[in-house]
Amino acid sequence: MEIEYVYTKKRSDFGRQCLFSESGTKLLENIAPNKELLQQYVLENPVHRGTQLSKEYAEHEVNTVRAEYTQHGANHTEGGWPRDINIADLEQTQRFRKKVEKDDSYINTVLQLSNSMEFCILQNNAFNIYEMYFDDLEPSCLVDKSSARTVNMYRDPCPVKRPVTHVSWSPDGGSRIAVTHCNFDFQRAPPDLSTASYIWEVENPNKPEHTFQWNVAMSCLEYSPKDPHSLVSGLLSGQVACWDTRRGAEPVDVSVLETSHRDPVHNCIWINSKSGTEFFSSSMDGMVKWWDTRKLEEPLETLVLDANKEEQLLSRAMGASSLEYEPTIPTRFMVGTENGMVLACNRKGKTPAEKMSMQFKAHPGPVVALQRNPGFIKNFLSIGDWTARIWSEDCRESAIMWTSYHPALLTDGCWSPTKLSVFFTTRMDGVLDVWDILQQQREPCLSIKVCDEALRCMRVHEVGQLAAIGNDKGNVCLIEFSENLAVTHKNDKTLLTHMFERESRRERILEGKSREQRLKAKVHGNEAAVKGPKTNQGAEFRAQAERDFFAIVNKEIQQMAQATENMTAALEEPNGDVQDGSGTRAESRKGSTAGLGLPPGSRRASADAAAASSRRASDAAAAAATASPKGSLKTSEGGGAAASPRTSFKAAETEEAASSPRPSQAEAAPAAPGSSGGRASDASAPGTSPGASDSKRGSKS
């Protein structure tokens, strides 16, 4: 029999939702109590039930080996020690451990026991269905292409644009930016120029959230690291002021003009103190002052930046252009001066030498930025002129790393707070450079043309991926960098440590060699000072050398002239000459050479020697006359550097006689005194009779 029930419903009601409605209580059933049923009730524990000879089940179905447990007690706090070892004595226990670890069977025993222990531990493992696989693996270090983009632009609401002088991020995650506008051009700013500075919300670039304004423009404005509502600022008049965003547009308190700085305040930095209300400021007047926001009538302390260790004078002080403070070193700070020096100072020092313990000659011009590396406190970055330099406190004479010279002046720079090898620099031509010294040192890994105006200041967000940059037109650009410029990889810190240590060691070696060379030069200088006076020592050496040189030259010229004159006189000495009526002189050459003590065959040699000596004398005299000043060469009596006309004439005769051929003694006989050259020839001279020539031939025969 088939039972069938047909349920009818309208087609429009199919799929309609079930609607509930409120209604009153309804009594469905009423069961009255029955006392007879109570006697039939049996008490039974439904939770615990004891059984015997039941089947044993494993904890998991997949287990194949059952773990057997044994329980036993031991009355000791630390077991395994021999009886002769006192476990309370640390030295004995350490000695015994080292002895056991050196045993050869120790490693083998540990390896054997580790397998059993690992098996027992794995029995208690549970499978996690929410486990993220490969989450503990480090991502591969791929060199991504660096990039950046402009996120927002915050413009100065003032109609007359003013340069941005300082930027500061709020401590509550960087949700706000404090921006100061100030014109440092002396007596060039218009009289109606606004003195307002602003606090911008990062997400709203259309209108500033707060506006701070006072009678004098603010040159810097800094957030408190502990309170997002408190700020301190330095004014153009040299005063400092305390601000609160909850108190309106005017400052809470302003310092007295008489106890403040004499020049505009360029830097204000909060100090890591217990009260959280202390900060210090610096200015170009050469002073660093410590303040407390609860009492701004006078500074807590003042430091004059005078390098003189005996007495500090404000007239000799170096103007502070930048300031650096690391909260992890509460008493130490660094100051960059306008003459390129970097001073490492200690506030707790008692004397000026202790307060300014180290000095670094960093740049030829002002140090515009100074910051320690957030991961390596001993290394700091300095920005000045056209370069950025990385220094180590162990090397004072030179930086360990530096960039090449840029085409434009650098205006600011800072380290990345998240990636320790990255730092940023801003330039006068509107370019932002990003350097990663682990990738390349010769050129920046990223250069961005932010704007056409000069960039003045910058500050990086604590996350490391955002940077606020101010320019000359009063605009603040918010730049976002790619992830590879903000995220630190696993081996970055190790590689950077090795790089800094290597460069520091190289600089220390170079400093040692330079110090050794300076010491040697100093020792040689002392020896020279002991031997003679040090004043005008070079001039005296040159004068003495000049006198010695000309004395030697004069002596040689005199000797050569004397030898030439003696030779000429000996050659012209009359010995057996016969003079006839026609004026012709016949001379016996044999007798003339005999008077010199020379053999008859050496007449030509003696004449050649005399001619060469004459030429050397004339050349030396001409050279000395040209090289020496007028009157420096003097001749002595009996001989001279400038020979007499007679000596010169005789020397010329001797030279011409030496250069002419002499086939015979008769031909070589000198001519009459009236002849011009004194050269002998076979032909009769004009005015000489033929008989004179015959007499010559006869004399020869």
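**Note on the predicted model**

1. The protein chain has an accessible surface of about 45300 Å², and carbon and sulfur atoms account for 52% of that area. The model is a predicted one.

2. Of the 701 residues in the protein chain, 36% are buried. Burial here means under 20% relative accessible area.

3. The protein chain contains 10 helices and 30 strands. Taking contacts between residues at least 6 apart in sequence, 50% of them join residues at least 24 apart.

4. In general, strands of a sheet pair through backbone hydrogen bonds, either parallel or antiparallel.

5. Within that sheet, β7 covers residues 230-235 and β8 covers residues 240-244. These two strands pair in the antiparallel sense over 5 bridges. At the level of residues, L231 stands opposite W243 in β8.

6. About 50 Å³ of space lies in the largest cavity.

7. Which residues line the largest cavity? The lining consists of I271, F280, W290, Y325, P330, T331, R332, F333 and R347. Sorted by class, the lining of the largest cavity has 6 nonpolar residues, 1 polar residue and 2 charged residues. Arg counts as charged, and R332 and R347 are both in the lining.

Technical notes:
Residues numbered from 1 in each chain as written. Predicted model: local features only at pLDDT ≥ 70, side-chain atom pairs only at ≥ 80, totals over all residues. Heavy atoms only, no water. Pairing = 2+ DSSP bridges. Helix = DSSP H or I, 4+ residues; strand = E, 2+ residues; numbered from the N terminus. 1 Å grid on protein atoms, 1.4 Å probe; cavity = no way out; pocket = protein on both sides within 12 Å on 5 of 7 lines; lining within 4 Å. Points joined across faces, edges and corners; volume = space filled by probe spheres on them. Buried < 20%, exposed > 50% of the residue type's maximum accessible area, 1.4 Å probe, protein only. Contact = heavy atoms within 4.5 Å. Areas by Shrake-Rupley, 256 points an atom, 1.4 Å probe, with all protein chains shown as cover.
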